[in-house]
Structures are given as structure tokens and as C-alpha cells.
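Subject: Structure handover

Hi,

Here is the structure I promised to pass on. Please open it alongside this note. My findings follow below.

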Amino acid sequence: MRSIAVFNNKGGVGKTTLLCNLAAFLALEKKKKVLVIDADPQCNATQLTFDDDETEALYEKSNTFTIYSVIHPLSLGKGYNKEIVARAREDFGFDILIGDPRLSLKEDLLARDWSSGLGGDGRGIRTGYLFAELLTRCEQYDYVFFDVGPSLGSINRSVLLACDYFVSPMTIDIFSLKAVENIQISIETWKKQLSTALENLEDEDALPEGITPEMRIRFAGYVTQQYKAKTDGLGGTVAVNAYERIMKKVAPIIKANFVDKLQPKSSKLKYQLGTIPNLHSLIPMAQFARRPIFALRSSDGVRGAHFSKVKEAYDLFEGISDLFEKNLQSLG
């Protein structure tokens with residue numbers, strides 16, 4: 001089993017769309033067993049894969065198992081919840097542990113326990129390993145993907161602490177470039193803090209069984225979203241040459257931060273997994289149909305030229321998945 005966070009410190013970069021379509025391609029076309037964990041309090045992956053009636057029915061029931069069910073027992077001092085209830089999404093081919101807006105209420109718990117863990121407190125350490133412990137019960141899957149929000153807060157820190165790899169979707173703007181630097185600084189800081197916490201740990205039995213204590217996350221690649229003209233908020237558009245100027249900076253900044261500083265021994269891999277063009281109406285069509293973009297069909301409203309765009313999307317995600325798996329194999 002390999003665990004992957006699809007993450008960027010900037011919002012609105014198409015994170016959930018990339019995750020669900022990549023995970024679906026691996027499941028449907030490459031016959032991998034895939035689990036998606038919706039660890040974003042906005043629950044975008046859950047909303048993308050369940051229709052409105054299903055979503056309403058799920059959250060009306062007080063006993064529905066969500067990501068909140070995983071973390072809540074820890075806040076009560078009861079330890080890890082040993083139960084996992086994932087729901088199969090046939091049209092996407094993967095299972096999903098559904099999200100919950102209440103997860104955001106546990107941000108303070110994770111932050112507080114992380115601070116106490118730095119001083120050697122066993123409980124604090126155990127809380128930080130929440131998602132790492134969860135993954136020890138997901139060995140039946142080939143891939144486990146985490147959908148997360150754009151923050152660098154304590155929830156995402158615990159997710160990245162647990163994961164083997166991360167993939168970053170990016171839009172072509174200056175804010176995405178700054179986000180790369182933020183992520184690199186945060187990962188290096190968290191690694192140092194965790195090393196201090198492990199050195200200060202008073203009771204080694206506090207560590208969950210079956211986990212790797214060190215933060216081992218590696219960068220597996222990035223996907224750009226290629227929009228050559230965007231509104232500027234005043235009814236105008238950003239010039240194409242501005243887009244191209246920023247586009248040229250992406251690869252060097254990725255290399256300088258995610259490769260040279262985090263994993264310099266793997267500098268020769270092809271880290272740009274692909275570029276997602278403007279797929280126009282296919283994205284809202286896929287959202288309405290609750291189906292991967294590359295698997296849309298006539299019953300979903302595909303007509304005429306749309307079919308060539310669906311084929312283009314299929315080829316796109318095939319290429320992304322091929323490079324993704326190749327990089328994971330090379331990174332080990």
C-alpha cells in the first residue's frame with residue numbers, strides 16, 4: 001500500500017478534480033484497489049462522488065461513519081477508533097472514507113497535542129500519528145489518496161506525516177509559486193520538530209504499532225492547469241504573455257524547493273505529470289453526473305465535439321497515471 005496526499009497550500013487549483021480522476025483511472029483502467037480519504041472539512045471529494053440525495057441521507061444519520069468518527073475518540077481520551085467504514089463508489093471504482101465538516105473542530109486538539117508531544121508527552125505523539133495509525137488498517141489497498149484543504153495547519157500536518165508521497169496541482173499564477181515555498185519550509189520544519197519530539201519521548205510504548213515514526217514523505221510530481229487567459233476581477237483578462245512568464249518559473253521553483261531541498265538524490269525524475277487544459281463544460285458535466293471526466297457518456301449529456309474532449313481527457317489521465325506510477329516505483 002502506498003499513501004498519497006494531493007496537496008497545495010493555495011486553494012482553487014483543482015485539487016479534488018485531479019485526485020478523484022487520477023484515483024478513478026487507477027481503479028477503473030489499471031485495476032488497482034484504491035481508497036480515497038476525504039480529510040478536507042469542505043468535503044469536496046464526498047460531494048463529487050455522492051449525489052445530493054445520497055449526501056443528505058448520509059449526514060442526516062447520526063451514526064454515519066465519517067472522518068470525524070476516526071478522530072473523535074482521541075479527543076475523549078479513548079484512543080484510536082479501530083473501525084473503518086469506507087463506501088464503494090462504483091462509477092469511480094474506488095472506496096471512500098467520507099468527509100465531515102466537524103473535522104475542523106479538531107484542529108485545536110491536534111495543534112495542542114503536537115505542542116505537548118514536542119516536550120515528550122506520549123499522548124501528544126499519539127494524536128499526531130492519527131492518520132499514520134489509520135493507514136496500518138488499509139493494507140488491502142494498492143493506493144490510499146488523501147484529499148485535504150489548502151492550509152498548513154495541524155490536520156494537514158498529521159496527514160503529511162502519515163503519507164509516503166504528495167502530488168501538487170498548480171494554477172499558473174504567482175500565488176501557486178509562493179505556496180511551493182511555504183510547503184517546503186513547513187515540511188522541513190515539521191521534520192525537525194518530529195525529530196525533537198521523538199528524542200524527548202518519555203515512553204516509546206506510546207508510539208502506535210506498525211508505523212514508521214520518521215516523516216518520510218516524498219514529492220511525486222505536479223500537474224499544471226493551463227488557462228491562457230483569466231478574468232482580472234474587473235471584467236478584463238490577464239495577458240497571455242504574463243501567463244507564459246509565470247509558466248516558465250514553475251519547473252525551476254518546483255526543483256529548487258521540492259526536489260533539491262527535499263530529495264536531491266531523485267533529481268532526474270520527470271516531475272511534471274501533465275497539464276490539464278481547459279475542458280470547458282466537461283468538468284461541470286462530470287460533477288453533475290458524479291462520474292470521472294474521462295468516463296462521461298452520452299447519457300451524461302455528451303454530444304458531438306464533447307466526445308473528442310472526453311477522449312482527450314482519457315489520454316490525459318492515462319499519461320498522468322503512467323508517470324505517477326513510474327515516479328513512485330523510482331522513489332521506492
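How much space lies in the largest cavity? About 60 Å³. Some ground rules before the rest. This is a predicted model, in which local features need pLDDT of at least 70 and side-chain atom pairs count only at pLDDT 80 or more, while totals for chains, interfaces and linings use all residues. Residues are numbered from 1 along each chain as its sequence is written, and side-chain values use heavy atoms, with hydrogens and water left out.

**Overall**

The protein has twelve helices and eight strands. Both are DSSP runs, numbered from the N terminus (helices: H or I, at least four residues; strands: E, at least two). The C-alpha atoms fill a box of roughly 65 × 45 × 40 Å along the principal axes. A compact globule of 332 residues would have a radius of gyration near 20 Å, and the protein agrees, with 20 Å. (That radius is taken over C-alpha atoms; the globule rule is 2.2 Å times the number of residues to the power 0.38.)

**Cavities**

The structure holds two cavities of 30 Å³ or more. On a 1 Å grid over the protein atoms alone, a cavity is a set of points where a 1.4 Å probe fits but cannot get out; a pocket is an open set with protein on both sides within 12 Å along at least five of seven lines; lining residues have an atom within 4 Å of a point. Grid points are joined across faces, edges and corners, and a volume is the space filled by probe spheres set on the points.

Lining the largest cavity are Thr17, Asn21, Leu48, Phe92, Ile283, Ala286, Gln287, Arg291, Pro292 and Ile293. Helix α11 (282–289) gives the largest share, three residues. By class, this lining has six nonpolar, three polar and one charged residues. (Ala, Val, Leu, Ile, Met, Phe, Trp, Tyr, Cys and Pro count as nonpolar; Asp, Glu, Lys and Arg as charged; the others, Gly among them, as polar.)

The second largest cavity holds about 50 Å³ of space. α5, α6 (122–128) and α9 each supply at least two residues of its lining. That lining has seven nonpolar, three polar and no charged residues.

**Helix packing**

α5 (residues 107–118) and α9 (residues 174–200) pack at about 55°, axes 7 Å apart. They are therefore oblique to each other. Trp114, Gly117 and Leu118 of α5 make the contact with α9 residues including Trp190 and Leu194. Contact means heavy atoms within 4.5 Å.

α1 (15–28) and α12 (residues 306–331) pack at about 80°, axes 9 Å apart. This pair is therefore roughly perpendicular. Leu18, Asn21, Leu22, Phe25 and Leu26 in α1 meet α12 residues, among them Tyr314 and Phe317.

Axes are lines fitted to C-alpha atoms, for helices over the stretch in contact, and angles run from 0 to 180 degrees between N-to-C directions. Under 35 degrees counts as roughly parallel, over 145 as roughly antiparallel, 65 to 115 as roughly perpendicular, and the rest as oblique.

**Pockets**

The largest pocket has a volume of about 270 Å³. Of its 17 lining residues, Lys15, Thr16, Thr17, Gln42 and Asn44 lie nearest the centre. α1 and α2 (44–49) each supply at least two residues of the lining. The lining has three nonpolar, ten polar and four charged residues.

The second largest pocket has a volume of about 170 Å³. Its lining includes Met1, Ser3, Asp164 and Arg216.

Best wishes
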